[in-house]
Amino acid sequence: MYSVSQIIGLLCLVLGTVFSMLGILGLLRLPDVYARLHATGKVSGLGAVFLLAAAIFLTPLSAGKGLVLIGLLLLTTPAVSHAIASAAYRIGIPIKAGQRDELRKRLPKIKPHE
Amino acid sequence: MGPRNSAIQMTILLAIVYLLMTANFEPINLAFSLIIGLGISSLVRPQHLSIQWRRLPIALAAIAGYLIYMLVDMWKSSLQVGRILLDPRLPIKPGIINIHSGSESEMAIALSAHAISLTPGELVVEMDDQGEMYAHCLDISQAEELIAEAQKVRRSFLNQIFE
């Protein structure tokens, strides 16, 4: 029989795999770099958090180490997504099917090459 | 509070983090954690680190509440983005909207930008020195109200942490 911690671990494992798959699906389906960053950086990030949680419950990884790793992951992934998005905007990559762009007024020198 | 005092505080904090990381409370590891903490804090030389130890439990509780709130927020918006991704029509309305952070301190602006970027569906692309943030959203139709509401909750946590 499974113990309670094993059941929680398996649940986390399944959720982590599902969110990682959703992230890759988003990478393939979404139209441009900004939208893809939402899928890869964050949905997959949540997947990685769940996989780490599963590792805490199922492997000898200690809970303290796992929690610190989760914290560091949550701290750094948004910085990476922001850096890539900012760089993409500054070299003028257009937003596909964009409906509003309030940053254009602020940075008028950057021209999107359609 | 002199620089030596804050260096000692930083050493202790770093030692605690190291002990949590290694999860090994044997005397030799305790000594090693203090050596590492001392080494780092002598390299960094903290000047303005002032920890009010009496407020630490409240601040730690607020940090824990903030983390749980962020994880719940992340979970909900990940499900929302997942639903969009699985929809055959891919119903996205991307765009960049202007968000006013509404706070002055750099730390609070950085943390709210971090929180906005952490939730799927919102991503801070650019920010300026007046605290205006420009966020790319997957669905701009109701993003503004949602972000404003979440900002309010987050700010109450942050005020508790940095009193």
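Q: At roughly what angle do the axes of α1(A) and helix α3 of chain B cross?
A: The axes of α1(A) and α3(B), residues 56-86 of chain B, cross at roughly 50 degrees and come within 10 Å. Axes are lines fitted to C-alpha atoms, for helices over the stretch in contact, with angles from 0 to 180 degrees between N-to-C directions. α1(A) is therefore oblique to α3(B); angles under 35 degrees count as roughly parallel, over 145 as roughly antiparallel, 65 to 115 as roughly perpendicular and the rest as oblique.

Q: What kind of model is this, and how is it numbered?
A: It is a predicted model, in which local features need pLDDT of at least 70 and side-chain atom pairs count only at pLDDT 80 or more, while totals for chains, interfaces and linings use all residues. Residues are numbered from 1 along each chain as its sequence is written, and chains are lettered from A and ligands numbered from 1 in the order in which they are written.

Q: Back to the helices. Which residues of α1(A) and α3(B) meet?
A: On the α1(A) side they are F19(A), L22(A), L25(A), G26(A) and R29(A), and these meet S78(B), G82(B) and L85(B) of α3(B). Contact here requires C-beta atoms, placed from the backbone, within 7 Å. The residues of this contact comprise four nonpolar, three polar and one charged. Ala, Val, Leu, Ile, Met, Phe, Trp, Tyr, Cys and Pro count as nonpolar, Asp, Glu, Lys and Arg as charged, and the others, Gly among them, as polar.

Q: And how many residues of each chain are in contact?
A: On chain A there are 33 residues in contact with 30 residues of chain B. At least two residues of that side of chain A come from each of α1 (4-29), α2 (33-58) and α3 (63-90). The largest share, ten residues, belongs to α3(A). Helices (H or I, at least four residues) and strands (E, at least two) are DSSP runs, numbered from the N terminus.

Q: How do the classes divide on that side of chain A?
A: The side of chain A that touches chain B has 17 nonpolar, nine polar and seven charged residues.

Q: Are α1(A) and α2(A) roughly parallel or roughly antiparallel?
A: Their axes come within 7 Å and cross at roughly 165 degrees, and α1(A) and α2(A) are therefore roughly antiparallel. The residues of their contact include 16 nonpolar, eleven polar and one charged.

Q: New topic: how many residues has the largest nonpolar core?
A: It has 44 residues, and V125(B) and A135(B) have the most contacts inside it. The helix that gives the most to this core is α2(A), with twelve residues. Such a core is a set of buried Ala, Val, Leu, Ile, Met, Phe, Trp, Tyr and Cys residues joined through C-beta atoms within 7 Å.

Q: Why is S81(A) counted as buried?
A: S81(A) has 24 C-beta neighbours inside 10 Å and so counts as buried. The cut-off is 20 or more other C-beta atoms within 10 Å for buried, 12 or fewer for exposed, and in between for partly exposed, with C-beta atoms placed from the backbone. S81(A) lies in helix α3 of chain A. Leaving out residues up to four places away in sequence, S81(A) touches L37(A), G41(A), K42(A), S117(B) and L123(B).

Q: Where is I92(B), then?
A: I92(B) is in the loop between α3 and β1 (95-100) of chain B. I92(B) is buried, with 23 other C-beta atoms within 10 Å. Residues up to four places away in sequence aside, I92(B) touches A35(A), I84(B), L138(B) and D139(B).

How values were computed
Two residues are in contact if their C-beta atoms, placed from the backbone, lie within 7 Å.
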